[in-house]
Structures are given as structure tokens and as C-alpha cells.
Amino acid sequence: MEEINWNDFEKVELRAGTILEVFDFPEARKPAYKVKVDFGDFGVKMSSAQITKHYSKEELVGQQIVGVVNFPKKQIGKFMSEFLVTGFADENGDIVLTALNGTVPNGSKLV
């Protein structure tokens with residue numbers, strides 16, 4: 001593991017956002033959803049997330065998540081991802097979202 005310094009960490013914009021809409025993403029190589037997330041002053045952004053094992057589309061709407069909003073956009077097939085959805089792999093390699101245990105304003109920075 002490579003150590004980083006505090007300045008490196010401060011460059012990563014880990015922000016809270018609320019999922020507004022979730023769409024199927026049948027073109028993805030691995031099962032995934034497209035998610036539309038409100039990051040407050042940072043805008044409404046789209047990304048894909050391989051979270052279909054643990055979450056239905058319906059239960060995701062309204063949930064606050066943590067995303068990295070300052071990576072460059074990434075082309076995923078015909079879809080352009082605008083942020084990175086964060087999560088942890090469970091014992092089977094399926095992703096569990098990084099979520100908040102309370103509500104904070106959209107766009108709040110992880111500190």
C-alpha cells in the first residue's frame with residue numbers, strides 16, 4: 001500500500017449526493033444500473049454502478065451515497081459516466097454502497 005499525504009487526500013472530492021433516478025443498463029458488460037444523483041452545488045450527475053445484487057432500482061431512489069465528483073468523465077460503451085460511485089466488495093465480490101447513516105446537504109464533503 002502506498003502512503004499518501006494530507007494534501008493528496010484533500011484533492012479527492014468525496015461528496016454526498018441523493019439518488020434521483022435509476023435506470024437499467026443492459027449494454028453494460030457486467031450487470032449495472034445507471035444512476036442520476038443530485039450533488040447540490042456540484043450539479044446533477046450520471047454514473048453507472050454494479051450494484052444490482054444488493055439493491056433494486058426502487059429502493060435506491062432517495063438514498064444518499066458518496067461519490068467522487070472530480071474524476072474526468074469516463075466513456076462506458078455509449079454512456080458517459082460523470083462521477084465514481086463508491087462502495088465495498090462483499091465476500092462474493094458484489095458491491096455494497098458507501099452510504100450515510102443520517103442526512104446531510106447534497107454536495108457535503110467527506111472530512
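## Overview

Across residues 8–111, the chain is 8% helix and 40% strand, with the end C-alpha atoms 13 Å apart. Helices (H or I, at least four residues) and strands (E, at least two) are DSSP runs numbered from the N terminus. An unreviewed UniProt entry annotates residues 8–111 as "domain: TRNA-binding"; such annotations may be inferred rather than shown by experiment, their positions follow the numbering used here, and feature names are shortened.

This is a predicted model, in which local features need pLDDT of at least 70 and side-chain atom pairs count only at pLDDT 80 or more, while totals for chains, interfaces and linings use all residues. Residues are numbered from 1 along each chain as its sequence is written, and side-chain values use heavy atoms, leaving out hydrogens and water.

An open sheet of 5 strands has the order 3-2-1-4-7, and its pairing is antiparallel. At the edges stand strand 3 (44–49) and strand 7 (84–85); each has a single partner strand, so one side of each lacks a neighbour in the sheet. Two strands count as paired if DSSP finds at least two bridges between them.

Strand 1 (residues 14–24) runs antiparallel to strand 4 (residues 64–68), joined by 5 bridges. In this strand 4, V66 lies opposite A16. Strand 1 also pairs with strand 2 (residues 33–38) in the antiparallel sense, over 6 bridges. K34 in strand 2 is the bridge partner of F23.

## The nonpolar core

The largest nonpolar core has 15 residues, of which L60 and F83 touch the most other members. Such a core is a set of buried Ala, Val, Leu, Ile, Met, Phe, Trp, Tyr and Cys residues joined through side-chain atoms within 4.5 Å, where buried means under 20% relative accessible area (1.4 Å probe, protein chains only). Strand 1 and strand 2 are the elements that give two or more residues to this core. Strand 2 gives the most, with 3 residues.

## The largest pocket

The largest pocket has a volume of about 680 Å³. Its lining has 27 residues, and the closest to the pocket centre are S48, A49, Q50, K74 and I76. A pocket is an open set of points on a 1 Å grid over the protein atoms alone, where a 1.4 Å probe fits, with protein on both sides within 12 Å along at least five of seven lines; lining residues have an atom within 4 Å of a point. The volume is the space filled by probe spheres set on the points, which are joined across faces, edges and corners.

Strand 3, strand 5 (74–76), strand 6 (79–81) and strand 7 each give two or more residues to the lining. Strand 3 gives the most, with 3 residues. By type, the lining divides into 13 nonpolar, 7 polar and 7 charged residues; Ala, Val, Leu, Ile, Met, Phe, Trp, Tyr, Cys and Pro count as nonpolar, Asp, Glu, Lys and Arg as charged, and the others, Gly among them, as polar.

Technical notes:
Buried means under 20% relative accessible area, exposed over 50%, partly exposed in between (1.4 Å probe, protein chains only).
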